[in-house]
Amino acid sequence: MKIYAHRGYSGMYPENTMLAFQKAAETGCDGIELDVQLTKDGTVVVIHDETVDRTTWGTGRVVDYTFEELRKLDASRLFGDKYGFCPIPSFEEYVSWAAGQNLVTNIELKTGVYYYEDLEKKTLELVRRYGLEDKVFYSSFNHMSLVRMKELAPDAFCGALVDRELGNAGYYCSQFGFQAYHPGIKDLTEEAVKGCREKDIAVNVWTINDMGALEKLYQWGCDGAFTNYPSICKSWIDSRKQGL
């Protein structure tokens, strides 16, 4: 079972910042999950919320800021002044760094609240520019974004994100050419995992921040876990491999 750092090492560092990604890489985790959106001037940026209010000292929607304006905001608000100024990264900044790392990246297309024009195309262009096609996969709560990504890149690995359990998820994903199902841990059942595996659909689950949930996913044969604490989860997985 793979361990993915959810928004980077977000349990200990400001989420979706280069600091959080670099610290996640140091844990030896298998990959990183991040979120992409578009600025007013069309730059692909890494941030989870559609507004900047929660993670920075600014206010308003991401889409109403130019990239230059967005870079002036400190994305470490939740940690006070512990880590100093942490800017919101451009996606290009991330992929240029990731190209030198032995990591897989789950790119969540944030088009469920505001549908950004050409976000899929611009994201894919940057992935291709840095030669990361085989080291990324895509997910979204807006499954039409995944359909669009498959139109642009038929071989793209895509996971259907859901915020509540979807009955017959394995069949659903197979019908639309999605290779993975990304449910939350709250409503997931062992039966759903089995149904996906019967259709050869991978199951990657969010957000796993306690050992009981991690062990349950491991026993059910899930493929991946997204966690805010990759160091702890990775250590546990490694111990199981060693039979400890």
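This is a predicted model: local features need pLDDT of at least 70, side-chain atom pairs count only at pLDDT 80 or more; totals for chains, interfaces and linings use all residues.
**Helix 3 and helix 4**

I started with the helix packing and noted that helix 3 passes helix 4 in a right-handed crossing. Which residues make the contact here? On the helix 3 side I found F91, E92 and V95; helix 4 brings T123, L126, V127 and R129.

**Helix 1 and helix 3**

From helix 1, M18, F21, Q22 and A25 meet E93, Y94 and W97 of helix 3.

**The core**

The largest one has 70 residues, and F91, Y94, Y138 and L217 have the most contacts inside it. Which helix gives the most to this core? I found that helix 3 (residues 91-98) does, with 5 residues.

Skipping its neighbours within four places in sequence, I listed M1, I185, L188, V205, I208, C222 and A225 as its contacts.

**Aromatic pairs**

I counted 15 aromatic pairs. The one I opened up was Y4 with F137, which is edge-to-face: 5.5 Å centre to centre and 70° between the planes. How far apart in the chain are Y4 and F137? They are 133 residues apart, with Y4 in strand 1 (residues 2-6) and F137 in strand 5 (residues 136-140), so I noted that the pair links distant parts of the chain. Buried or exposed, I asked of Y4? Y4 is buried because its relative accessible area is 8%, and F137 counts as buried at 6%. I also saw that ring pairs link Y4, F137, F157 and F226 into a cluster.

**Two asparagines with positive phi**

I went through the backbone angles and stopped at N16, where phi is near 55°, a positive value in a residue other than glycine. I placed N16 in the loop between strand 1 and helix 1. N16 counts as buried, at 3% relative accessibility.

N168 also has a positive phi, about 60°, although it is not a glycine. Where is N168 found? I located N168 in the loop between strand 6 (158-161) and helix 6 (169-176). Its relative accessible area is 56%, which means N168 is exposed.

**D64**

Last stop was D64, in the loop between strand 3 (44-46) and helix 2 (67-70). I have D64 down as partly exposed because its relative accessibility is 41%. Which residues does D64 touch? Not counting residues up to four places away in sequence, I got K40 and E69. I also took a C-alpha distance from D64 to W97: they are separated by 27 Å and sit 33 residues apart along the chain.

Definitions and conventions: Residues are numbered from 1 along each chain as its sequence is written. Side-chain values use heavy atoms; hydrogens and water are left out. A nonpolar core is a set of buried Ala, Val, Leu, Ile, Met, Phe, Trp, Tyr and Cys residues joined through side-chain atoms within 4.5 Å. Buried means under 20% relative accessible area, exposed over 50%, partly exposed in between (1.4 Å probe, protein chains only). Helices (H or I, at least four residues) and strands (E, at least two) are DSSP runs, numbered from the N terminus. Contact means heavy atoms within 4.5 Å. Rings of Phe, Tyr and Trp (its six-membered ring) pair if their centres lie within 6.5 Å; planes under 30 degrees apart count as stacked, over 60 as edge-to-face and the rest as tilted. A crossing is left-handed if the near helix is turned anticlockwise from the far one by less than a right angle, and right-handed if clockwise.
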